[in-house]
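The model is predicted.

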Amino acid sequence: MTRASASIARQEPPISVQARLAAAWTSLMFLVIYIDYFHLYQPGEIDLIRSGVIFDFAISGALMSVFFVIIAIPALMVLLSMALPARANRATNLVIAALYIPIMVFNAAGATGEWAFYYALTIGVEVLILVYILRSAWTWTGARSTAVMDAAAGRVSGDARV
């Protein structure tokens with residue numbers, strides 16, 4: 001084996017933007033699940049839940065439905081990041097990731113000073129993943145070139161900017 005062929009053999013195959021986005025959403029989902037689980041270890045949290053309260057909200061079917069939607073959207077983004085066509089994929093990732101940054105930051109509401117580091121750390125990592133998603137989608141040249149080619153072919157009705 002020559003040096004050139006050994007060098008080529010060691011190169012990693014490129015990973016598609018779709019796969020990177022799906023992996024990022026998967027990582028975010030694992031963190032959300034574990035952060036919520038670890039939240040139960042805070043003193044008094046289980047007692048509050050048993051008394052019917054979460055974050056000062058009465059536990060109800062409506063509240064649980066809202067929580068489900070908040071979690072279902074990023075969970076579905078794992079699938080959508082692999083299944084949507086490039087233009088729709090890029091736009092969807094940009095919109096959802098941008099909307100989820102304030103949702104993740106809201107998790108610090110009501111935090112006490114003694115838990116500040118925990119919330120800064122956990123929310124910081126979640127926001128970094130969302131920024132990675134935004135950057136990956138924003139710089140996705142394949143999605144942009146598809147939009148440009150569609151626009152040049154006259155197949156886009158007023159929304160050629162992706």
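## The enclosed cavity

The largest cavity holds about 70 Å³ of space. The count of cavities of 30 Å³ or more comes to 1. Its lining is made up of I35, D36, H39, F55, N107, Y118 and Y119. Two elements, α2 and α6, each give two or more residues to this lining, and α2 gives the most, with 3 residues.

Sorted by class, the lining of the largest cavity has 4 nonpolar, 2 polar and 1 charged residues.

## The largest pocket

The largest pocket contains about 1100 Å³ of space. It is lined by 38 residues, and H39, I54, F55, F67 and N107 are the ones nearest its centre.

Several elements give two or more residues to the pocket lining: α2, α3 (45-50), β1 (53-54), α4 (61-83), α5 and α6. The most comes from α4, with 7 residues. By class, the pocket lining has 27 nonpolar, 6 polar and 5 charged residues.

## Overall fold

The protein chain has 7 helices and 2 strands. Read from the N terminus, the order of elements is α-α-α-β-β-α-α-α-α. Of the contacts between residues at least 6 apart in sequence, 71% join residues at least 24 apart.

The chain has 162 residues, and buried residues make up 27% of them. Its accessible surface comes to about 10500 Å², and carbon and sulfur atoms account for 70% of that area.

In soluble globular proteins, nonpolar side chains tend to be buried together. Here the largest nonpolar core has 15 residues, and W25, L28, M104, L130 and I133 are those with the most contacts inside it. The elements that give two or more residues to this core are α2 (17-39), α5 (86-106) and α6 (116-138). The largest share, 6 residues, comes from α2. Helix α2 also gives the most to the lining of the largest cavity.

Apart from this core lies another, of 5 residues, including I35, Y119, I123 and V127.

Is A97 buried or exposed? A97 counts as buried because its relative accessibility is 0%, and the cut-off for buried is under 20%.

Not counting residues up to four places away in sequence, A97 touches W25, L130, I133 and L134. Among these, W25, L130 and I133 are also listed with the most contacts inside the largest nonpolar core. A97 and L130 are 33 residues apart along the chain, yet their C-alpha atoms are separated by 5.5 Å.

Technical notes: Residues numbered from 1 in each chain as written. Predicted model: local features only at pLDDT ≥ 70, side-chain atom pairs only at ≥ 80, totals over all residues. Heavy atoms only, no water. Core = buried A, V, L, I, M, F, W, Y, C linked by side-chain atoms within 4.5 Å. Buried < 20%, exposed > 50% of the residue type's maximum accessible area, 1.4 Å probe, protein only. Helix = DSSP H or I, 4+ residues; strand = E, 2+ residues; numbered from the N terminus. 1 Å grid on protein atoms, 1.4 Å probe; cavity = no way out; pocket = protein on both sides within 12 Å on 5 of 7 lines; lining within 4 Å. Points joined across faces, edges and corners; volume = space filled by probe spheres on them. Nonpolar A, V, L, I, M, F, W, Y, C, P; charged D, E, K, R; others polar. Contact = heavy atoms within 4.5 Å. Areas by Shrake-Rupley, 256 points an atom, 1.4 Å probe, with all protein chains shown as cover.
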